[in-house]
Amino acid sequence: MKNFDKSWLKNIDLEVLSFLDNLKKSNQYEYRPSLRGTTEQGHNIKLGFSCYALKILYILDNKTIEDGVFEPWTKYLNSFQKKYKDFPHNSYIDEEFLKYSRQNNINKFLKDFIKKTLHATGLRNYQTSQEKLVDFIKAESKQAISTIYQVKGVNGLPYLDFPSDEDSIKKYLNNLNWSYPWNAGAQYSSICLFSSTQIDDNIKKEKIKKDLNQYSDDLVNYESGLYHKGKQTNRHELINGAMKVLSGFSWINKEIHYPEKLIDFCLDTEFKNEGCDLVDIVYVLYRCHEESNYRRKDIVDYFNKLLPAIKLHYYSELGGFSYFLRKSQTHYYGVKITKGEDTPDIHGTLLLTWAISMILEIIEFDGLQLKILKP
């Protein structure tokens with residue numbers, strides 16, 4: 001096997017920490033999305049980038065962080081919990097993000113009208129801008145809660161607006177389009193997270209867990225080990241969907257159905273060089289390897305080949321990663337946050353630092369100790 005150069009990883013924890021410090025705004029819990037090319041929206045949005053920063057610091061290991069920072073930081077995140085009539089009670093809502101998302105132009109109104117008309121005729125299953133916004137707020141709430149629990153915090157108010165009995169869970173999940181498992185899997189994962197963290201009644205919690213387990217048992221494809229319905233030829237979409245479902249399993253302590261088959265599928269897939277695609281395939285292989293020693297050497301070889309691809313996103317002089325190759329992440333849930341310049345960004349840095357943390361644990365690299373996120 002080729003001896004891949006890993007020397008660039010030696011001080012990556014300190015370099016990423018320095019990059020993060022350079023993104024920090026006047027409030028110590030608020031961050032810009034990138035060093036250059038940040039839009040007005042990107043500068044003013046707070047909640048999402050604060051979650052990203054805290055997750056990065058967690059991965060870097062809290063020895064790099066001042067003692068006691070987690071508690072006031074989680075208090076800051078909890079300050080975003082709001083009661084808005086258009087959204088689930090106790091959602092985490094960044095009012096700046098909400099403002100920009102609601103600045104609909106005439107084209108969006110026309111598109112929504114067309115989408116509603118097509119939906120009424122049964123021709124297509126489209127979401128309007130408002131429906132998408134509700135999903136974005138749910139995703140932000142999930143992210144905030146998972147971030148808070150990652151550092152052993154608790155959200156300030158219970159978030160209980162999710163399906164929590166057998167009939168409603170089945171109905172909700174069956175209404176999702178599982179031929180596009182990335183989005184459907186994200187919704188499944190959300191229920192796993194919320195049921196695990198927001199319900200105190202252990203009997204009820206176990207019942208929801210049982211219902212979620214049963215749904216995944218019925219969903220999984222026996223031949224491939226993947227989680228989807230219908231014919232799907234996009235291998236990356238299937239891996240992205242598996243990543244979401246497996247991340248849900250981590251919250252309800254569910255074993256992966258066919259880890260060996262998922263390993264085969266991933267190792268037979270050429271990776272894509274974008275932040276989410278890279279971390280998703282790493283996560284699926286990492287989680288499957290936790291439950292099976294199948295093809296361990298092949299996984300190590302695959303990860304060794306992935307590291308140079310990840311390095312292409314790294315700016316050693318700045319200490320961060322770009323989400324796209326030589327281009328920063330441009331959007332956050334539909335809002336334009338940067339101009340996409342040749343510079344690292346906070347989203348890419350989170351995803352690829354996380355990917356590295358999982359890779360290094362599997363290949364047993366001794367030069368750097370990082371923690372693994374629970375998404």
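Let me begin with the criterion: two rings of Phe, Tyr or Trp, the last by its six-membered ring, are taken as a pair if their centres lie within 6.5 Å. The model before you is predicted, and by this rule it holds 23 aromatic pairs.

Consider one of these, Tyr52 with Tyr332. The ring centres are 6.1 Å apart and the planes stand at 80°, so this pair is edge-to-face; the angle required for that class is over 60 degrees. Where do Tyr52 and Tyr332 lie? Tyr52 belongs to helix α3, residues 47-59, and Tyr332 to strand β5, residues 331-332, so the contact ties together parts that are 280 residues apart in sequence. Tyr52 is buried, at 6% relative accessibility, and Tyr332 is buried as well, at 3%.

Next, I turn to Phe136 and Tyr333. Their pair is tilted, with 5.3 Å from centre to centre and 35° between the planes. Phe136 sits in helix α7, residues 129-150, while Tyr333 sits in the loop between β5 and β6, so this pair links parts 197 residues apart in sequence. Are these two residues buried or partly exposed? Phe136 is partly exposed, at 23% relative accessibility, and Tyr333 is also partly exposed, at 28%.

The charged end of Arg235 lies over the ring of Phe265, 3.9 Å from the ring centre. Likewise, the charged end of Lys261 lies over the ring of Tyr222, at 3.7 Å from its centre.

Technical notes:
Residues are numbered from 1 along each chain as its sequence is written. This is a predicted model: local features need pLDDT of at least 70, side-chain atom pairs count only at pLDDT 80 or more; totals for chains, interfaces and linings use all residues. Side-chain values use heavy atoms; hydrogens and water are left out. Rings of Phe, Tyr and Trp (its six-membered ring) pair if their centres lie within 6.5 Å; planes under 30 degrees apart count as stacked, over 60 as edge-to-face and the rest as tilted. Helices (H or I, at least four residues) and strands (E, at least two) are DSSP runs, numbered from the N terminus. Buried means under 20% relative accessible area, exposed over 50%, partly exposed in between (1.4 Å probe, protein chains only). A charge sits over a ring if NZ of Lys or CZ of Arg is within 6 Å of the ring centre and within 35 degrees of the ring normal.
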